[in-house]
Amino acid sequence: MSADRQDGEHPAVRVSVAHTADLDARMIAASRALMYEVFDDMTELDWEHALGGMHAIATADGEVVGHASVIQRRLLHGGRSLRAGYVEAVGVRSAYRRAGVGSALMEPLERIIRSAFDLGALGATDDAMPFYGARGWQAWRGPASALTPAGIVATPDEQGAIYVLASGVALDVDAELTCDWRDGDVW
């Protein structure tokens with residue numbers, strides 16, 4: 001799947017979608033490098049969280065200028081374990097921001113979420129919250145927690161940064177949402 005986008009200042013941006021297993025080492029390395037360029041606090045665990053699912057990668061003249069991925073996680077809500085398409089590592093090179101690249105990355109991932117998962121979820125930065133809200137993602141207002149090796153532990157620092165995309169399962173955004181355990185940032 002691909003789409004070409006072009007504005008007046010940049011060469012055409014092409015978005016391709018592929019599973020981690022189908023990306024060559026150069027594309028993975030370039031996408032990882034972009035995440036470190038975009039996020040000052042990027043870690044290896046953050047990058048690891050983005051692997052094992054579907055990637056949307058934007059390129060211009062063969063250079064990676066944007067990346068986003070969706071991986072499967074389990075979220076507990078309303079007494080159910082839901083299959084979540086969890087969005088990770090969304091970033092666009094600064095020169096390409098506000099030109100539709102972020103939307104071009106999210107469109108195929110949201111299609112995947114709507115067709116293959118019970119819901120979509122992500123942890124948003126303050127700067128990205130308006131972007132996701134405009135795309136129909138809802139801020140989670142209820143308490144958040146993680147299912148850790150020590151049991152369910154509240155994650156109040158994530159309050160307001162968790163966003164969900166409904167996909168056929170009724171969600172009460174004022175109720176509790178619990179994510180599965182992983183090393184590093186759980187949300």
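## Basis of the model

Because the model is predicted, local features need pLDDT of at least 70 and side-chain atom pairs count only at pLDDT 80 or more, while totals for chains, interfaces and linings use all residues. Residues are numbered from 1 along each chain as its sequence is written, and side-chain values use heavy atoms, with hydrogens and water left out.

## Overall build

The protein has four helices and eleven strands. Helices (H or I, at least four residues) and strands (E, at least two) are DSSP runs, numbered from the N terminus. The radius of gyration is 16 Å, close to the 16 Å that the globule rule gives for 187 residues, so the protein is as compact as a globular protein of that length. This radius is taken over C-alpha atoms, and the globule rule is 2.2 Å times the number of residues to the power 0.38. Along the principal axes, the C-alpha atoms fill a box of roughly 50 × 30 × 30 Å.

Of the 187 residues, 48% are buried. Buried means under 20% relative accessible area, exposed means over 50%, and partly exposed lies in between (1.4 Å probe, protein chains only). The protein exposes about 9,100 Å², and carbon and sulfur atoms supply 50% of this area. Accessible areas come from the Shrake-Rupley method with a 1.4 Å probe; for residues, only the protein chains shown count as cover. Among contacts with a separation of 6 or more, 69% are between residues 24 or more positions apart. Contact means heavy atoms within 4.5 Å.

## The largest pocket

Rolling a probe the size of a water molecule over the atoms shows where empty space is left. A pocket is an open set of points on a 1 Å grid over the protein atoms alone, where a 1.4 Å probe fits, with protein on both sides within 12 Å along at least five of seven lines; lining residues have an atom within 4 Å of a point. Grid points are joined across faces, edges and corners, and a volume is the space filled by probe spheres set on the points.

The largest pocket holds about 1,200 Å³ of space. Its lining has 34 residues, and Phe39, Val90, Thr125, Ala128 and Tyr132 lie nearest the centre. Two or more lining residues come from each of helix H2 (44–49), strand S5 (80–92), helix H3 (101–116), strand S6 (119–123) and helix H4 (129–134). S5 gives the largest share, seven residues. By class, the lining has 18 nonpolar, seven polar and nine charged residues. Ala, Val, Leu, Ile, Met, Phe, Trp, Tyr, Cys and Pro count as nonpolar, Asp, Glu, Lys and Arg as charged, and the others, Gly among them, as polar.

Alanine 89 lies in strand S5. Although it is not a glycine, alanine 89 has a positive phi of about 50°. Its relative accessibility is 12%, so it counts as buried.

Arginine 98 lies in the loop between S5 and H3. Arginine 98 is not a glycine either, yet has a positive phi of about 65°. Its relative accessible area is 86%, so it is exposed.

Glycine 184 lies in the segment after strand S11 (177–179) and is partly exposed at 42% relative accessible area. From glycine 184 to aspartate 46 is 138 residues in sequence but 7.1 Å in space, C-alpha to C-alpha. Not counting residues up to four places away in sequence, glycine 184 touches Leu45 and His49.

Arginine 141 sits in the loop between strand S7 (138–139) and strand S8 (144–148) and counts as exposed at 53% relative accessibility. Leaving aside neighbours within four places in sequence, arginine 141 is in contact with Gln159, Val173 and Asp174.
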